[in-house]
Amino acid sequence: MFNSEAEMWSTRVLGASGPKVREELPGVLIDTHNRCVALQSASELPAAYPYGLMWIMLPNAVVKTLGSLAGSEVFRPRNGKYPVIAFNGVPVLPWRISKDQVSQLEDTALADPVMGTKRALFERRAVQPTLFSEEPPSGSETVDQAESAGLRDTIDELVGDDAHVALLAYSSNQHALLSAYFGYAKLGENDVVELTYWEKIDLEDATAQRLRLVQDFDGSDSFDAGDLGELDLRPRTPLEGIPSFEPPVELPGTAEEEND
């Protein structure tokens, strides 16, 4: 039924839209990073204050991009500074691990300290049973009603009794997007992130997917579509004097005429 372990996790934990969530997140991360880099460059400030807006721009971009998917639930945590989107009761949480590649994804504290607003995202939420009646993404088989009833039990077997979040973890600064991961995590002892499942995002491959071929509107070839070897280029002969078909150019009036 599932093409990969990642697709299995995404569907069973986030519902029918899970694989689409996993597919869209790398592009959202890359686009938001590029916007923040542009802000930093335009500001011409030595300190990375403009790029520092990444922490709040990324969650908003995630909500904007994923909000139209089936089963999405957008809410704003109490005292939260940005909205959060959840699927099947599982919030999607962007988290910058570090500003460099020193910090590792595993055995890293979520924050120091973890405030109540973010801690509340790891609380258990009710599963939405209607999510499993939605059409699955293209390439996945349809889930029948009998299997749909059992999927909610499978979720508990996968993630256990602890609440989980879908984690988009990344390391970045104003110079580069260094690394990124997607997975499912719970908040462990001493507020260390415990990963139940995770995979590294191939940023080079994800960046390439942001590029699309643009077709000419009328279907004709563009001016540079030909073979370079077929072009007949030759140096232009210099003109001697004023072309015969153009009238002589009269210079504008002098300062005396302007003062008349």
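Tutor: Start with Glu23, which counts as exposed because its relative accessibility is 52%; exposed means over 50% relative accessible area, buried under 20%, and partly exposed in between (1.4 Å probe, protein chains only). This is a predicted model, where local features need pLDDT of at least 70, side-chain atom pairs count only at pLDDT 80 or more, and totals for chains, interfaces and linings use all residues. Residues are numbered from 1 along each chain as its sequence is written, and side-chain values use heavy atoms, with hydrogens and water left out.

Student: How many salt bridges does the structure hold?

Tutor: Side chains of opposite charge can pair when their charged atoms come close. The criterion is a side-chain nitrogen of Lys or Arg within 4 Å of a carboxyl oxygen of Asp or Glu. The structure holds five such salt bridges.

Student: Which residue forms a salt bridge with Glu23?

Tutor: Lys20 does, with the closest N and O atoms 3.7 Å apart. Both residues lie in helix H2 (residues 18-43), three residues apart, about one turn of the helix; helices (H or I, at least four residues) and strands (E, at least two) are DSSP runs, numbered from the N terminus. Lys20 also meets Glu24 in a salt bridge at 3.2 Å, N to O.

Student: Where do the partners of the Asp191 salt bridge lie?

Tutor: Asp191 pairs with Arg119 at 2.9 Å between the closest N and O atoms. Asp191 is in the loop between strand E5 (177-187) and strand E6 (193-200), and Arg119 is in helix H4 (residues 116-119), 72 residues apart. Asp191 counts as buried because its relative accessibility is 18%.
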